[in-house]
Amino acid sequence: MRRYALPLYGLLGKRQSKAETAVISIMLNGEQRQVRESIADLVASLGLDVKKVAVERNREIMARSTLVDIALAEGDALEIVHFVGGGC
Amino acid sequence: MTDTWSVAGRTFTSRLIVGTGKYKDFEQNAAAVAASGAEIVTVAVRRVNVSDPTAPMLTDYIDPSKITYLPNTAGCFNADDAIRTLRLAREAGGWDLVKLEVLGEAKTLYPEHARDIGSDRGARQGRVPADGLLRR
């Protein structure tokens, strides 16, 4: 587990409360990722338009309007999907 | 004379539904849609490529505000997957028009109608009895 980010906050003199947004490990579309954001921020940091994707967390679909408020938890499984060419 | 038809609160003049699966690229697909006059395209729902999220997307070429996207359940072999896929599609698109199909087998992609019906029933109830589809 990579924890190097936490001591860094101490060096930079950031307030202790920052440590609450600790790095957590999740599964994103089947790949393990280290993240520290809300779902909406994660989608944005991937360069995706939140209006063009749907997000499922632990097999439960997240309403788009709630993505900003939802903090991820350790071990969460996220699926982010969009429309692609295919089918007939 | 204008000849129209309506489904899910949307009215169309063209009866042609164009696919998006077998084109050389998105430009060719968009050109085919424009040339045909089709107002609906079928689309699949897939995971975003998180290692390369800047890859071109279908929505960059075929504007969902002008052409109706009809999400399908291509690649779904059971009702649970199909309903899960369409629920995600509904959230991604923001509309209620979907195309439900459950494939019978991988070679011909011929639909399995008994499971289609099971899926439809599950969709209407808002839940899917994953083990009860063929128990008719």
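## Ground rules

This is a predicted model, with local features needing pLDDT of at least 70 and side-chain atom pairs counting only at pLDDT 80 or more, while totals for chains, interfaces and linings use all residues. Residues are numbered from 1 along each chain as its sequence is written, chains are lettered from A and ligands numbered from 1 in the order in which they are written, and side-chain values use heavy atoms, with hydrogens and water left out.

## The interface in outline

Let's start with who takes part. On the chain B side 32 residues are in contact, and on the chain A side 28 residues (contact means heavy atoms within 4.5 Å). About 2,700 Å² is buried between the two chains, and carbon and sulfur atoms give 59% of that; buried area is the accessible area, with a 1.4 Å probe, that two parts lose on being put together, summed over both. Arg47(B), Val50(B) and Glu91(B) supply 25% of what chain B buries against chain A, more than any other three residues.

As for polar links, 12 residue pairs are in polar contact between chain B and chain A, both residues at pLDDT 80 or more. (Such a contact is a pair of N or O atoms within 3.5 Å; within protein, one must be able to donate a hydrogen and the other to accept it, and residues adjacent in sequence count only if both atoms are side-chain atoms.) Strand S4 (40-47), strand S5 (68-71) and helix H2 (79-93) of chain B each put at least two residues into the side that touches chain A, and H2(B) gives the most, with eight residues. Helices (H or I, at least four residues) and strands (E, at least two) are DSSP runs, numbered from the N terminus.

## Strands across the gap

S4(B) also pairs with strand S5 (residues 77-84) of chain A, in the antiparallel sense and over four bridges; pairing takes at least two DSSP bridges between the strands. In S4(B), Ala44(B) stands opposite Val84(A).

## Salt bridges between the chains

The whole structure has eight salt bridges over all chains, and four are found across the interface of chain B and chain A. The rule asks for a side-chain nitrogen of Lys or Arg within 4 Å of a carboxyl oxygen of Asp or Glu.

Take Glu56(A) and Arg84(B), whose closest N and O atoms are 2.5 Å apart. Glu56(A) is buried, at 2% relative accessible area, while Arg84(B) is partly exposed at 25% (buried is under 20%, exposed over 50%, partly exposed in between, with a 1.4 Å probe and protein chains only). Then there is Arg59(A) with Asp80(B), at 3.6 Å from N to O. Arg59(A) sits in the loop between S3 and strand S4 (60-62) of chain A and Asp80(B) in helix H2 of chain B, so this pair joins two chains. Asp80(B) is partly exposed, at 31%.

## Around a loop in chain B

Which residues does Pro64(B) touch, leaving out those up to four places away in sequence? They are Thr59(B), Tyr69(B) and Trp95(B). Pro64(B) belongs to the loop between S4 and S5 of chain B and is partly exposed, at 29%. Gly93(B) is 29 residues from Pro64(B) in sequence, yet their C-alpha atoms are 8.5 Å apart.

Within chain B, Lys66(B) and Asp63(B) form a salt bridge at 3.5 Å, N to O. Lys66(B) is exposed at 66%, whereas Asp63(B) is partly exposed at 31%.
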